[in-house]
Amino acid sequence: MTDTSSDELDIPSPEGKVNTIDTSYEVGQDNIQRNIGPLTFDIHNPVFLISSLTVVAFVLVTLIFQEQASAAFGWLFDFVTKTFDWAFLSAANIFVLFCLFLVVSPWGKVRLGGTQAEPDFGYPSWFAMLFAAGMGIGLMFFGVLEPVYHMQVSGPLGLEGPINTETGEIDQAALADARGHGLAATIFHFGLHPWAAYAVVALSLALFTYNKQLPLSIRSAFHPLMGDRVWGWPGHIIDIIAVFATLFGLTTSLGLGAQQATSGLHYVFGLPETLNTQIFVIIGVTTIALISVVRGIDGGVKVLSNVNMCFAVLLLFFVFFAGPTMQILRDFWSGLSSYVQDVVPLSMPFGREDDTFRENWTSFYWAWWISWSPFVGMFIARVSRGRTVREFITCVMLVPTLVGVFWMATFGGTAISQVASMGAESGVYQNVISEYNDSLAMFAMFGDMPLTYVTSTLGIILVLVFFITSSDSGSLVIDTITAGGKTDSPVAQRVFWATTEGIVAIVLLIGGGLTALQAMVNATGIIFTIVLLFLCGAIVKGLRDEPR
């Protein structure tokens with residue numbers, strides 16, 4: 001156990017006792033450094049080249065063979081969701097159980113960064129960053145849509161909807177029970193399971209970076225399993241998989257954000273709700289993201305994130321106070337209690353009758369969150385130094401889950417109340433139950449509230465800024481991986497990846513719309529699921545010899 005300096009590794013030195021891993025590997029030793037005109041590049045030889053060339057080939061093939069690509073994406077989505085839904089659900093359950101095991105085990109006393117390490121951030125700032133890291137566009141897109149849809153249409157656990165869609169009659173007694181289960185099904189997709197996946201990646205990165213003094217890269221966590229072979233081709237493959245998982249997870253979010261922003265612009269300003277408008281939205285937002293990338297973290301994404309969190313809180317509390325406040329408080333409790341009641345049956349990978357809910361919703365969500373895990377995990381790892389493993393996992397899993405419950409109770413509960421009181425006259429009923437206009441659901445709810453123009457405009461701004469911060473932060477994470485773990489690589493590389501994310505999002509929308517986005521995130525998600533399962537074993541081996 002040593003107290004070593006790590007300036008050469010570009011990571012903080014441990015404080016107090018740790019058990020570092022001795023390795024001859026140096027950050028950037030496999031990198032190619034070139035100056036091309038005014039641009040400087042510092043890229044990891046196989047990882048960057050293979051990742052970037054594969055993405056370019058994917059873009060070209062999708063554009064050249066659009067019709068065939070669209071059919072292929074549709075087939076891929078159906079194949080992965082119907083064939084591997086059991087694998088996604090089983091793996092997500094393993095992540096939750098693994099995290100709970102670490103909380104109650106003696107290893108929960110291990111401190112990230114050394115036995116004497118102090119947290120870099122206080123609880124309020126840390127909690128805010130945890131919540132902002134993992135959700136964003138997902139809450140905006142699905143916060144209204146899912147509770148209403150699951151209450152009536154999808155039938156999680158085989159439940160019948162309380163609304164007779166032919167006559168418009170509402171069974172108020174059945175509605176009271178169904179709204180709780182609709183909220184629970186939504187909370188299930190934003191609760192413990194996704195945050196457990198994030199916690200696995202974040203803990204592995206934090207442990208092997210701060211305590212073991214290895215580069216900030218996914219491959220570093222596999223050193224206990226592979227030894228120094230992790231710096232060779234096995235590690236290259238792990239990082240390439242992480243790049244693709246992150247890229248397609250981000251482009252799915254960007255595609256959803258573009259669709260929702262376009263619907264909002266049509267709803268508020270009358271702009272055409274077309275593919276071309278979505279493309280222009282992505283181009284405009286990517287351009288702003290590039291400016292943020294050039295300005296750096298402090299002058300770019302940090303400022304935008306702070307502004308966005310203020311807007312999100314403002315919008316949340318407006319809906320809370322302008323909506324049915326007391327019912328929202330009841331929905332918070334009923335949604336949370338129904339979630340506790342339903343979480344086990346909703347988590348079962350076998351013996352269920354709600355195939356549509358399990359395959360089209362849960363399977364997609366788990367793939368999406370798992371694909372996001374390198375991006376979110378690296379961010380959480382960077383802001384969590386100084387926490388014990390027990391404190392880290394407890395807060396990462398519980399705090400964002402509770403905030404998500406409140407968000408869903410506020411937005412989803414308000415939307416359900418509008419349906420209950422206005423019936424078929426409510427905008428939410430017309431755009432979720434009568435017709436499935438997923439990207440318009442939130443704006444339909446705003447349409448039946450005061451200050452519709454103001455709230456809808458603020459909603460559009462929130463979606464766009466979430467879009468920008470996701471692109472900016474995502475490009476930073478992908479660049480760190482493709483720069484061999486360097487966190488201070490040239491700006492030109494982050495510009496390349498931010499541009500690439502926008503291009504891939506556009507290409508996927510052209511090549512098949514939302515189905516194409518979901519297909520690619522499912523395909524990369526199932527591969528990265530295997531990586532996460534091995535990470536659990538690596539974490540255990542890494543914690544065994546850490547001082548507590």
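Trainee: What does the secondary structure of the protein come to?

Mentor: The secondary structure comprises 18 helices and two strands. The model is a predicted one.

Trainee: How do you know that the radius of gyration agrees with that of a compact globule?

Mentor: For 548 residues, a compact globule would have a radius of gyration near 24 Å, and the protein has 23 Å; the value therefore agrees. Along the principal axes, the C-alpha atoms fill a box of roughly 75 × 55 × 40 Å.

Trainee: Why is Phe 73 called buried?

Mentor: Buried means under 20% relative accessible area. Phe 73 has 6% relative accessibility and therefore counts as buried. Phe 73 belongs to helix 2, residues 66-83.

Trainee: Which residues does Phe 73 touch, leaving out those up to four places away in sequence?

Mentor: Phe 73 touches Phe 58, Thr 62, Leu 508, Gly 511, Thr 515, Ala 516, Ala 519 and Met 520.

Trainee: What makes Gln 260 count as buried?

Mentor: The cut-off is again under 20% relative accessible area. Gln 260 stands at 0% relative accessibility, so Gln 260 counts as buried. Gln 260 is located in helix 10, residues 233-269. Its contacts, apart from neighbours within four places in sequence, are Met 140, Phe 141, Ser 439, Met 442, Phe 443 and Val 463.

Trainee: Why are helix 7 and helix 8 called roughly parallel?

Mentor: Two packed helices are described by the angle between their axes and the distance between the axes. Helix 7 (residues 172-190) and helix 8 (residues 192-211) pack at about 5°, with axes 4 Å apart. Angles under 35 degrees count as roughly parallel. Helix 7 and helix 8 are therefore roughly parallel to each other.

Trainee: Which residues make this contact, and how are they classed?

Mentor: Helix 7 contributes Phe 188, His 189 and Phe 190, while helix 8 contributes His 193, Pro 194 and Trp 195. By class, the contact has four nonpolar residues, two polar residues and no charged residues.

Methods. Residues numbered from 1 in each chain as written. Predicted model: local features only at pLDDT ≥ 70, side-chain atom pairs only at ≥ 80, totals over all residues. Heavy atoms only, no water. Axes fitted to C-alpha atoms, helices over the stretch in contact; angles between N-to-C directions. Parallel < 35°, antiparallel > 145°, perpendicular 65-115°, else oblique. Contact = heavy atoms within 4.5 Å. Nonpolar A, V, L, I, M, F, W, Y, C, P; charged D, E, K, R; others polar. Buried < 20%, exposed > 50% of the residue type's maximum accessible area, 1.4 Å probe, protein only. Rg over C-alpha atoms; globule rule 2.2 N^0.38 Å.
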